[in-house]
Amino acid sequence: MRIIGTGSALPKKIVTNEMLSEFLDTSDEWITTRTGITSRHVISDERLEDLGAEAAMKALDMAGLGVEDIDLFIVSNVVSEHITPGMSCVVAEIIGLNCPMFDINCACPGFIYALDMAEAYYKAGKAKNVLIACIEEPTRMTSWQDRSTCVLFGDGAGAVVLTAGDNIKGTKLKAQPDTDKLFMRRVLESTPYINKAESDIPLQMRGREVFRFAVEACTHGVKSLLDEVGIKKEDVSWFMVHQANKRIIDSIIDFMQVPADRLPVNIQDHGNSSSASCPILLDECNRKGMFKEGDIIVLSAFGAGLLSGAAVLEW
Ligand code: COA
């Protein structure tokens with residue numbers, strides 16, 4: 001496949017580190033030095049699905065396609081107020097899309113998982129034009145009393161449109177199932193046989209272990225994928241790495257021995273927006289005109305699961 005349109009949408013409320021330090025025992029200095037984040041977009045009076053619809057329409061506009069041209073709609077979403085139907089149906093109703101559609105919940109690497117699925121549908125002859133939208137509000141997953149998690153996240157949506165082409169050079173997905181390092185749990189309704197005795201658990205994270213997993217998953221995942229597709233890291237124009245923490249990105253630069261200016265960073269303005277992080281970064285760089293035809297772009301993301309994935313594209 002080939003990406004022919006990108007789009008993104010952000011909540012209008014910007015929350016700075018100073019604003020957080022008004023109600024949390026934290027500081028701009030701590031957050032900036034430990035994470036590289038200075039502000040993030042946080043959903044307030046918007047609806048998540050409207051951000052998803054906006055990102056999707058921008059990607060369709062750039063692609064020059066209408067909703068009637070799309071054969072498959074894949075949405076990556078971890079939480080929303082809609083347990084069922086999925087976010088794909090909720091967004092499709094807004095934009096008037098009626099092709100087959102489904103949601104995936106693969107946490108932060110959701111965009112790479114969705115690219116891999118789009119390519120598989122295309123190769124199987126089941127779809128030619130695919131819309132992917134990653135629509136996330138992790139700020140509704142954390143406890144805003146927990147300074148070790150809520151300072152890290154921001155909300156947003158990113159989308160791409162793909163069509164026939166030979167520009168996805170390879171994808172590599174990996175799972176190391178471990179559900180205790182990064183998780184959120186919700187208690188379901190009581191039944192005559194189950195009493196709802198427990199409470200919901202907001203996002204919990206073993207920060208240092210997740211940090212180590214992220215660096216290892218990205219460096220090994222990208223290296224093995226590049227070996228598989230026969231592309232040298234020196235020939236990669238851009239490494240688009242999941243924006244979880246600037247220190248994670250710096251460690252990846254050190255381990256992979258690649259020039260820092262080939263890893264675009266926007267975490268300072270966004271925080272970690274889960275699976276929306278990669279397509280938002282892709283859209284920002286694309287709209288700045290950073291990509292030239294023929295550029296080799298590597299995408300890499302990692303997160304809860306523990307899942308990770310990498311993709312190599314030719315622009
Ligand atoms: N402000 C001030 N202090 C804070 C704080 C905050 N927002 N959050 C935590 N602290 C404190 C801790 O309570 C701890 O205090 P103590 O030493 O008195 O117990 C101290 O800072 C160090 O905490 P620690 O967790 O060891 O810090 P760290 O250097 O590992 O940084 C993270 C914490 C979360 C920034 C870092 O581990 C990280 O980024 N991990 C990966 C997270 C991630 O990217 N997750 C998503 C992946 S998709």
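In which pocket does the ligand sit?

Author: The ligand sits in the largest pocket. A pocket here is an open set of points on a 1 Å grid over the protein atoms alone, with protein on both sides within 12 Å along at least five of seven lines; a molecule sits in it if more than half of its atoms lie within 2 Å of its grid points.

This is a predicted model, in which local features need pLDDT of at least 70 and side-chain atom pairs count only at pLDDT 80 or more, while totals for chains, interfaces and linings use all residues. Residues are numbered from 1 along each chain as its sequence is written, and side-chain values use heavy atoms, with hydrogens and water left out.

The shell around the ligand holds 22 residues, each with a heavy atom within 4 Å of the ligand. Thr26, Arg34, Gly207, Arg208 and Asn245 are the closest. By type, the shell divides into nine nonpolar, eight polar and five charged residues; Asp, Glu, Lys and Arg count as charged, Ala, Val, Leu, Ile, Met, Phe, Trp, Tyr, Cys and Pro as nonpolar, and the others, Gly among them, as polar.

Both domain 1 (2–166) and domain 2 (171–314) contribute to this shell, so the ligand lies between them. The domain bounds come from an automatic or database domain assignment. At least two shell residues each come from helices H2 (28–35), H6 (147–150), H7 (207–229) and H8 (246–256) and from strand E12 (296–303). H7 gives the most, with four residues. Helices (H or I, at least four residues) and strands (E, at least two) are DSSP runs numbered from the N terminus.

Several polar contacts, pairs of N or O atoms within 3.5 Å, can be named. A polar side-chain atom of Arg34 is 2.7 Å from a ligand oxygen atom. The side chain of Arg208 places an N or O atom 2.9 Å from an oxygen atom of the ligand. At Arg147 a polar backbone atom takes part, 2.9 Å from a nitrogen atom of the ligand. Of the 960 Å² that the ligand exposes when taken alone, the protein buries 74%, with accessible areas from the Shrake-Rupley method and a 1.4 Å probe.

Terms used
A polar contact is a pair of N or O atoms within 3.5 Å; within protein, one must be able to donate a hydrogen and the other to accept it, and residues adjacent in sequence count only if both atoms are side-chain atoms. On a 1 Å grid over the protein atoms alone, a cavity is a set of points where a 1.4 Å probe fits but cannot get out, and a pocket is an open set with protein on both sides within 12 Å along at least five of seven lines; lining residues have an atom within 4 Å of a point.
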